[in-house]
Amino acid sequence: MIPEPYLQSLQGGAIIGLATALLLLLNGRIAGVSGIFARALSFRGPELSPNLAFVVGLVLGPLLYSVVYGTWPAAEFRMPLLFMALAGVLVGYGTRLGNGCTSGHGVVGLARLSPRSITAAATFLTSGVVTVLIMRLLEML
């Protein structure tokens, strides 16, 4: 039996895995959220409908969660909005620089044993660990 705190994470991971596998099998596309989001915002091309549907699905995810569990997903923001906005800009820049995001490289690329994705995922994880370490050290000051 899976402990309750981990069940929702397991369900979410399974849904992400299923969605990325279906997108690859049915459309031949890698589910890189940053690329899908950018193409949906371009509002042109034959891929507009699938990309827009994917983004709408991301937005509707929390609504579905609230229907299933009767509450909104728990989220705690301990950083000022300005820092979160700056972090978002840096992540967006990094996804363009790395030619993909954590979903494209980390979920699909690792499953395909792509050397570029293995390097990218190692860089994402290392950067995250270093960032958290620096943030915690700054909190202690």
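Predicted model: local features only at pLDDT ≥ 70, side-chain atom pairs only at ≥ 80, totals over all residues.
The largest pocket holds about 860 Å³ of space. Its lining consists of 27 residues, of which Val 91, Phe 124, Ser 127, Gly 128 and Thr 131 are the closest to the pocket centre. Helix 4 (81–97), helix 5 (102–111) and helix 6 (115–140) are the elements that each give two or more residues to this lining. The largest share is that of helix 6, which provides 12 residues. When the lining of the largest pocket is divided by class, 11 residues are nonpolar, 12 are polar and four are charged.

For the second largest pocket, the computed volume is about 730 Å³. This pocket is lined by 21 residues, and those closest to its centre are Gly 12, Ile 15, Ile 16, Gly 57 and Gly 61. At least two lining residues come from each of helix 1 (4–27) and helix 3, and helix 3 gives the most, with 10 residues. The lining of the second largest pocket contains 14 nonpolar and seven polar residues, but no charged ones.

Helix 3 spans residues 48–69 and includes Ser 66. Ser 66 has a relative accessible area of 17% and is therefore classed as buried, the limit being under 20%. A polar atom of the Ser 66 side chain lies 2.7 Å from the backbone oxygen of Leu 63. When residues up to four places away in sequence are not counted, Ser 66 touches Thr 71 and Trp 72.

Conventions
Residues numbered from 1 in each chain as written. Heavy atoms only, no water. Helix = DSSP H or I, 4+ residues; strand = E, 2+ residues; numbered from the N terminus. Buried < 20%, exposed > 50% of the residue type's maximum accessible area, 1.4 Å probe, protein only. Polar contact = N/O pair within 3.5 Å; in protein donor to acceptor, adjacent residues only side chain to side chain. Contact = heavy atoms within 4.5 Å. 1 Å grid on protein atoms, 1.4 Å probe; cavity = no way out; pocket = protein on both sides within 12 Å on 5 of 7 lines; lining within 4 Å. Points joined across faces, edges and corners; volume = space filled by probe spheres on them. Nonpolar A, V, L, I, M, F, W, Y, C, P; charged D, E, K, R; others polar.
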